Amino acid sequence: MHRHTLAELARLLAARQISSLELTRHLLERARSLNPRLNAFITLDEDKTLAQASAADARLARGEGAALTGIPVAHKDIFLADGWRTTCGSHMLENFVAPYDSFVIERFNDAGAVNLGKTNMDEFAMGSSNETSYFGPVRNPWDEARVPGGSSGGSAAAVAARVSPGATGTDTGGSIRQPAALTGICGLKPTYGVCSRWGMIAFASSLDQAGPLARSAEDCALLLNVMAGHDARDSTSVARPPEDYRRELAKPLAGLRVGLPKEYFGDGVAADVARAVQGAIEELQHLGAHMVEISLPNVKLSVPVYYVIAPAEASSNLSRFDGVRYGHRAGDYGDLNDLYCQSRAEGFGAEVKRRILIGTYVLSHGYYDAYYLQALKVRRLIADDHARAFGEVDVILGATAPSTAFRLGDKTDDPVQMYLNDIFTIAAPLAGLPAMSVPCGFGDTGLPVGLHLVGNYFEEARLLNLAHQYQLATDWHRRAPKGFGD
Amino acid sequence: MNWEIVVGIETHAQLSTQSKIFSGSSTAFGAAPNSQASAIDLALPGVLPTLNRGAVERAIRFGLAVGAVISPRSVFARKNYFYPDLPKGYQISQYELPIVVGGALAIVTPEGEKSIRLTRAHLEEDAGKSLHEDFHGSSGIDLNRAGTPLLEIVSEPDLRGAAEAVAYARTLHALVRWIGICDGNMQEGSFRCDANVSVRPRGSDTLGTRCEIKNLNSFRFLEKAIEYEARRQIELIEDGGKVVQQTRLYDPDQGETRAMRSKEDAHDYRYFPDPDLPPLVVDEAWIERVRGELPELPEAKKARFMRQYGLAAYDAHSLTASREMADYYEATAAALGHDPKIAANWVMGELSAALNRHEIGPEASPIAPEQLASLLARILDGTISGKIAKDVFEALWAGECGGNSDAIIAARGLKQISDTGAIEALVDAVLAANPRSVDEFRAGKDKAFNALVGQVMKASRGQANPAQVNEVLKKKLG
């Protein structure tokens, strides 16, 4: 049963050829047996999950099923789900039980989907390898000595290992797309504002965006249909009429203009990754797309700009974790200041502390103009670069990550090397643009390579169209890691 | 040396919205601790603020009332600091781009009217409260107040001395209540002032180093604190010292200000635009709609009262001290139909005195404007004298005879004696009984005449028409 894609399972459920309960039981069993190896889940709660599956079966029996009724979906542990422990990968929230549902969870509940469990992640979504999680690293199903990418590493591993047909993630600088690339699945970060951030624990508010991870573009479209929507509780959520993200899947690619930024095709890309991307370009040409060489002159500044803006916002967003009202409080403290210092020193891991320090520094009196304000200006230039490019092309293409999955521990001592892993994914959230990663082959060591697509604002359907047409012509997305596809 | 005291005031006016500025929780005062703190007010993980447009509307109303510019685009920023009653670890406030820019407020000083320039007014949220009593070694936190909408109104340092500062604060207090954006309750903290005080030699045009005195929640404290602080600074400088820029607290028990923190250990608040809130856009249509809903403002009403009712500037000013007072006066004058001056005298005199005695506003007066007007009509038509009318007023206040002044006059037999024959009889009797006063008057002592009038009035138990008494007496003594 776990070999089916989400779309196939939805059809089986709707036809009542399988029940949600048997599907959910099977996947829960798989999650339990694989978790000691992959560590993809922080929390599994059989009772809650199975209760939802039973309710979904009852709903299907009444003939009131929606597209995802009865489908188990794993959720990144950054989304609050009422009654579920929600840790954000941190000791700070190790025992925090959410008292309300996030918007995304609400939408999945309304659709009748089943919460399969809460997936592992880099602490407070800060990381590109899932090694900063307080609950230990996630392992890549393609090679368990390697990282799955991050920060939505647990969700990516669960989908790649055929534990969950689909999962939610969040993307701030690449946290959906980079793990999707490293685990050989699809991941879509929508336009900023498409999915409400209500109940999604904030890392960098002006960048954070929820999105789906699944094996195929079609599955991503099905998930996004549920996740997207306006929400008055998030002032940055965009009020647009609901759309069916599958509506353009079948459209041929003939005449599609694909931009290849020269900045994304230089020395920074590993040879095996470049080869796989080149293969995808040829396939797309074969399908009728035109390649146009373009330039995004300011994207080379993406990483430094990101590492000013994201930590600045994070330093403020994480101030609420002070040990006063909820979350970790130090067992032993002197005065009030000591309560703050001890609780936060114990509650946060090293990477989170590093980013709080950077963020505090760049917002400080005397540094604000030189760092934060300057970064905002360059952010605008990066957005302008893209706006110019979308005058000439429909989609921008490159590699999602500069290399395939690296070994656990390889980059933990060198934060800058770790940060550079997001070099190709950071520009899209800075500009607020939708972007996705699609499997496009394998590198020298047999590890998956991701193809990165960036679209213009609210053109998720076009990205999904390109990815789907590509997937009709290729089978990279059908390949399972050894031992997980049987 | 002759010193000049320079004061600028920052006022926090709590806006009178039903719910908080970024959440749906109630802003009502006095509820059980934390019963009005939602997930947003508690800053639970994942919550987001949404702006209460009612708070914005009130800020626009204020801006229009003081002739300020309403910014078409203003920005909410985060002011970052750690404190237990600040759940998010930052306060959302407007920093670089406030919603209200400029404007001015006219105050009345002994030297005449003076215009005080305003720097700005911006929207922000209040913090919660730390409770240090009753917790035996710990502190309690009440977040009911967290997220209450505030308008911080900042004046230029245009005020000279404590008296002007108090006049400004009182005028501002009256205005925010007048336009219905703040209940002005100072005990509950709905209107509180910080005073920036500095001194300089008279004639100097550079500002001295200032100290800020925080959280003055009464006009008396404001006055005392500025007086003390100015004296402290002058003495310090005259003794060869220097004023250090500081934040100070006023201790009403000791009547002094004390240093809280100096500029050196001031927080670095790391302000930056709040990414959860898009810039606040206020378009012309919104501004015009609010302008259309604005009540007649105190200055305009004062000018109209002078024009329409022929009132003196002082009277018009007093009667426009609050909207309720002005409404009461206008309703009385309208019901009376003529002689608006007698209405003014009574509203400012008897009525205001009674309201003050009972600590209530005109809107809660047991005597409605129409009732007062019918009482005044009886003075004007000679039924009762002004003196007797005061007794009727007291009876009206107490609700006698169903609040009908005519019924009170009849029941108590207070009708004025205007029958010439009856008055002549009274006068004759008084003249016969007071031959000495008559002699004194004839000897040229005018005072004796008044004494005789008094005797006649006394004999009539106050009911004789005083004008007629005068007339008859003059004739008989003539």
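The lining of the second largest pocket draws its largest share, seven residues, from helix α2(B). A pocket here is an open set of points on a 1 Å grid over the protein atoms alone, with protein on both sides within 12 Å along at least five of seven lines, and a lining residue has an atom within 4 Å of a point. The model is predicted, so local features need pLDDT of at least 70 and side-chain atom pairs count only at pLDDT 80 or more, while totals for chains, interfaces and linings use all residues. Residues are numbered from 1 along each chain as its sequence is written, chains are lettered from A in the order in which they are written, and side-chain values use heavy atoms, with hydrogens and water left out.

**The second largest pocket**

- The space in this pocket is about 1,400 Å³, a volume being the space filled by probe spheres set on grid points that are joined across faces, edges and corners.
- Its lining comprises 43 residues, and those nearest the centre are Arg170(B), His173(B), Ala174(B), Ala321(B) and Ser322(B).
- Two or more lining residues come from each of β7 (104-109), α2 (162-178), α5 (298-309), α6 (313-319), α7 (323-336) and α8 (340-358) of chain B; helices (H or I, at least four residues) and strands (E, at least two) are DSSP runs, numbered from the N terminus.
- By class, the lining holds 22 nonpolar, 14 polar and seven charged residues, where Ala, Val, Leu, Ile, Met, Phe, Trp, Tyr, Cys and Pro count as nonpolar, Asp, Glu, Lys and Arg as charged, and the others, Gly among them, as polar.

**Cavities**

- The whole structure contains seven cavities of 30 Å³ or more, a cavity being a set of points where a 1.4 Å probe fits but cannot get out.
- The largest cavity has about 170 Å³ of space.
- This cavity is lined by 19 residues, of which Phe22(B), Ile40(B), Asp41(B), Lys88(B) and Glu125(B) are the closest to its centre.
- Eleven nonpolar, two polar and six charged residues make up that lining.

**The interface of chain A and chain B**

- In this interface, 38 residues of chain A are in contact (heavy atoms within 4.5 Å) with 30 residues of chain B.
- About 2,700 Å² is buried between the two chains, with 60% given by carbon and sulfur atoms; buried area is the accessible area (1.4 Å probe) that two parts lose on being put together, summed over both.
- Ser235(A), Arg320(A) and Arg325(A) supply 22% of the area that chain A buries against chain B, more than any other three residues.
- The count of salt bridges between the chains is one, a salt bridge being a side-chain nitrogen of Lys or Arg within 4 Å of a carboxyl oxygen of Asp or Glu.
- Arg197(A) and Asp276(B) form a salt bridge, with their closest N and O atoms 3.1 Å apart.
- On the side of chain A that touches chain B, the largest share, five residues, comes from α9(A).
- That side of chain A has 19 nonpolar, twelve polar and seven charged residues.

**Salt bridges and a tie within chain A**

- Over all chains, the structure has 57 salt bridges.
- In one of them, Arg462(A) meets Asp394(A) at 3.9 Å, N to O.
- Arg462(A) lies in helix α15 (residues 460-473) and Asp394(A) in the loop between α12 (369-389) and β9 (395-399) of chain A, so the pair ties together parts that are 68 residues apart in sequence.
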